[in-house]
Structure formats: structure tokens, C-alpha cells
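Please look over this model with me.

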Amino acid sequence: MTRIAFLRHGPTDWNAQSRIQGREDVGLSVEGLRLMESLRLPAPFDAARVFTSPLSRARATAQAIMAPQPHEAEDSLIEMDWGQWSGETVGALRERLGDAFLENEARGLDFRAEGGESPRDVMARLSGFARKAAHLQEPVLAITHKGVIRAALAMGTGWDMKGRAPVKLAWRALHVFDARNDGSLKLVEANVMLKAAAAP
């Protein structure tokens, strides 16, 4: 068993516009990069083994918050695929698709964008990452995406995504889980806040 902390990447221009990013390789905004450079991780994750989504916004976050510590790209940490809905806003989708979108949302773990993945699909690949992490016997930091962290929360608490999450997640914080050899996750602590970087 290994303790693993998930961290969402820093802000992007698409985040500011409430646009769905999915697999689009949108980089950090100027403000997002500055924000991540101003933050540091609490122990023991300041010296953890670092894995990131292969998307540039996650890799740039690792470089900003962990430099010069190395990090490894991990395909299973890539954001949920939103298919043909990438670049849209949820509000626009609800307006255009009406009841069909609401019915899709009500499926919880089986919600699926047109041509994309479901949260259940994300959980399946996260299980493989949890098995890998469980054998490392050292703290792990996973820099990833909102959709992936929500899937981890579902795995770690039994939440079916039909209704409110059992914990309200802050997005500038670590969410800590135990990763087990069978590929399961158990929530240990949500919303472990980052620290301000020391002044040079």
C-alpha cells in the first residue's frame, strides 16, 4: 500500500472561460503559471515520486511547483475524454441538448460525452495506476485533472456520482488516498492545502 496525493493542474485560459478541455492540450495561462510557481507542497509530498498527465498543463504544473525534481508522464492520468464536446461549455450543452443532456448527467458514473469516455472508464485506468503506485513503497504525487480526481473520489468513497459528492473538493489542494495492491483507492484526507513559496 502507498499513499498517493492527487493535485489538479494550474489554471488555463479555457478554465477562465468555463470551456471543457478534455484531451485538448491547452497550456497554463500566464496567471496560472505564476500561481503554481507561488505554491509549494506540504511534507511528505514535497519529496514524493511525481507522475503527471501527459498533457502540457499538468507537466508545466509539475515543473512550476516541483522544479528541479523530475517527473514522469503517466497516460492513465490524462483527463477524461469529452469527445465532440471539447471546447464547449456545460451551459451551452444543456441549452442545446435539453433533456437528453440532463438524462445523460443523471447516469452518474456512466455519463458519457458524445465520442468520449465515462467516469467509469476513467476509474478502470486509474485502477491500473493505483496498482502501480501501491508497489512503489514511497509517497506518490499525481498531477492530473478535475475529471480524474473526481473519479478517484468515486473509487475512494463509493460515490456513484448521482447527486452531490461526499466531499466538496478544493482545486488548489491535495487529495490524499491509500493506493492498494488490488488497484483500489481509499480516501484518507481531502483538501490538504498547499503552502506559499518562501520569498527569494
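The points below cover the basis of the model, its pockets, its rings, its core and some backbone details.

1. Basis. This is a predicted model, in which local features need pLDDT of at least 70, side-chain atom pairs count only at pLDDT 80 or more, and totals for chains, interfaces and linings use all residues. Residues are numbered from 1 along each chain as its sequence is written, and side-chain values use heavy atoms, with hydrogens and water left out.

2. Largest pocket. Its volume is about 800 Å³. A pocket is an open set of points on a 1 Å grid over the protein atoms alone, where a 1.4 Å probe fits, with protein on both sides within 12 Å along at least five of seven lines. Lining residues have an atom within 4 Å of a point. A volume is the space filled by probe spheres set on the points, which are joined across faces, edges and corners. Here 29 residues form the lining, and Ile20, Trp82, Val90, Lys146 and Arg150 lie nearest the centre.

3. What the lining is made of. Helix 1 (13-16), helix 4 (90-97), helix 5 (99-105) and helix 7 (146-157) each give at least two residues to the lining of the largest pocket. Helices are DSSP runs (H or I, at least four residues), strands likewise (E, at least two), numbered from the N terminus. The lining has nine nonpolar, eleven polar and nine charged residues. Ala, Val, Leu, Ile, Met, Phe, Trp, Tyr, Cys and Pro count as nonpolar, Asp, Glu, Lys and Arg as charged, and the others, Gly among them, as polar.

4. Second largest pocket. This one has a volume of about 230 Å³. Its lining includes Arg150, Leu153, Trp159 and Met161. By class, seven lining residues are nonpolar, one is polar and three are charged.

5. Aromatic pairs. The whole structure holds six. Rings of Phe, Tyr and Trp (its six-membered ring) pair if their centres lie within 6.5 Å; planes under 30 degrees apart are stacked, over 60 edge-to-face, the rest tilted. Tryptophan 85 and phenylalanine 101 have ring centres 5.5 Å apart and planes at 50°, so this pair is tilted. Tryptophan 85 is buried, at 6% relative accessible area. Buried means under 20%, exposed over 50%, partly exposed in between (1.4 Å probe, protein chains only). Phenylalanine 101 is buried too, at 1%. Its ring centre lies 6.0 Å from that of phenylalanine 111, with planes at 85°, so that pair is edge-to-face. Ring pairs link Trp82, Trp85, Phe101 and Phe111 into a cluster.

6. Nonpolar core. The largest core has 36 residues, with Ile4, Phe6, Leu126 and Leu185 making the most contacts inside it. Such a core is a set of buried Ala, Val, Leu, Ile, Met, Phe, Trp, Tyr and Cys residues joined through side-chain atoms within 4.5 Å. Helix 7 gives the largest share of this core, seven residues.

7. Backbone details. A cis peptide bond joins alanine 43 and proline 44, with omega about 0°. Proline 44 is in the loop between strand 2 (39-40) and strand 3 (49-52). Serine 18 is not a glycine, yet its phi is positive, near 60°. Is serine 18 buried or exposed? It is exposed, with 52% relative accessible area. Methionine 161 also has a positive phi, about 65°, but methionine 161 is buried, at 11%.
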